[in-house]
Amino acid sequence: MENCIFCKIIAHEIPNYTVYKDDFALAFLDITPRAKGHTLVIPKVHALNLLELDDSHVKNLLLAVKKAQEKIDQVLHPDGYNIGWNHGDAGGQVVPHLHIHIMPRYNNDGGANMHAIVNNPGDESVEEVYKLFK
Ligand code: AMP
Ligand code: ZN
């Protein structure tokens, strides 16, 4: 997609520090790392987010996440990981091309876990919310 910075990386118009690549995805070091080895995994096709990524690409993307994680594991030997993505403005997404963050974690690195992202459970009980799904 024109003017998409990550599509430009895919097209080799912008350089990157590649960790892993295959026919469907590219994994490269985040330019502003929040941890040693902070990596982004992106599908080669443009999609704003997972909901807009064609089903046929989802399996390949997750496989690339695993391959990239294996590589990071071999090279940096972190003690753990947080892996996920920001979706939409409320989710803190800045770059409008789906990218999965692989955040290596090291013992006593001062970081937190997924639960620290937000604490806004709302007034309805879990049961009430569940009823909305029925
Ligand atoms: P977000 O959209 O908030 O999930 O995060 C976008 C991420 O892309 C940030 O962590 C940026 O540091 C990273 N980023 C932006 N431009 C580049 C680039 N040219 N190369 C590598 N990482 C980038
Ligand atoms: Zn793109």
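**Note on the cavity and the ligand site**

1. Helix H2 (residues 55-76) contributes the most to the lining of the largest cavity, with 3 residues. The structure is a predicted model, and the points below should be read with that in mind.

2. The count of cavities of 30 Å³ or more comes to 1. The largest cavity has a volume of about 40 Å³.

3. Phe24, Ala25, Pro43, Leu53, His57, Asn60 and Leu61 line the largest cavity. By class, this lining divides into 5 nonpolar and 2 polar residues, with no charged residue.

4. Turning to the ligand: ligand 1 sits in the largest pocket. The shell around ligand 1 has 16 residues, of which the closest are Asp30, Val94, Val95, His99 and His101. These shell residues divide into 9 nonpolar, 6 polar and 1 charged.

5. Which elements supply at least two residues each of the shell around ligand 1? They are helix H1 (5-10) and strand S2 (25-29). H1 gives the largest share of this shell, 3 residues.

6. In the side chain of Asn86, an N or O atom is 3.0 Å from an oxygen atom of the ligand. For Thr32, a polar side-chain atom lies 3.4 Å from an oxygen atom of ligand 1. On its own, ligand 1 has 510 Å² of accessible area, and the protein covers 82% of it.

Definitions and conventions. Residues numbered from 1 in each chain as written. Chains lettered and ligands numbered in written order. Predicted model: local features only at pLDDT ≥ 70, side-chain atom pairs only at ≥ 80, totals over all residues. Heavy atoms only, no water. 1 Å grid on protein atoms, 1.4 Å probe; cavity = no way out; pocket = protein on both sides within 12 Å on 5 of 7 lines; lining within 4 Å. Points joined across faces, edges and corners; volume = space filled by probe spheres on them. Helix = DSSP H or I, 4+ residues; strand = E, 2+ residues; numbered from the N terminus. Nonpolar A, V, L, I, M, F, W, Y, C, P; charged D, E, K, R; others polar. Near = heavy atom within 4 Å. Polar contact = N/O pair within 3.5 Å; in protein donor to acceptor, adjacent residues only side chain to side chain. Areas by Shrake-Rupley, 256 points an atom, 1.4 Å probe, with all protein chains shown as cover. Sits in = over half its atoms within 2 Å of the grid points.
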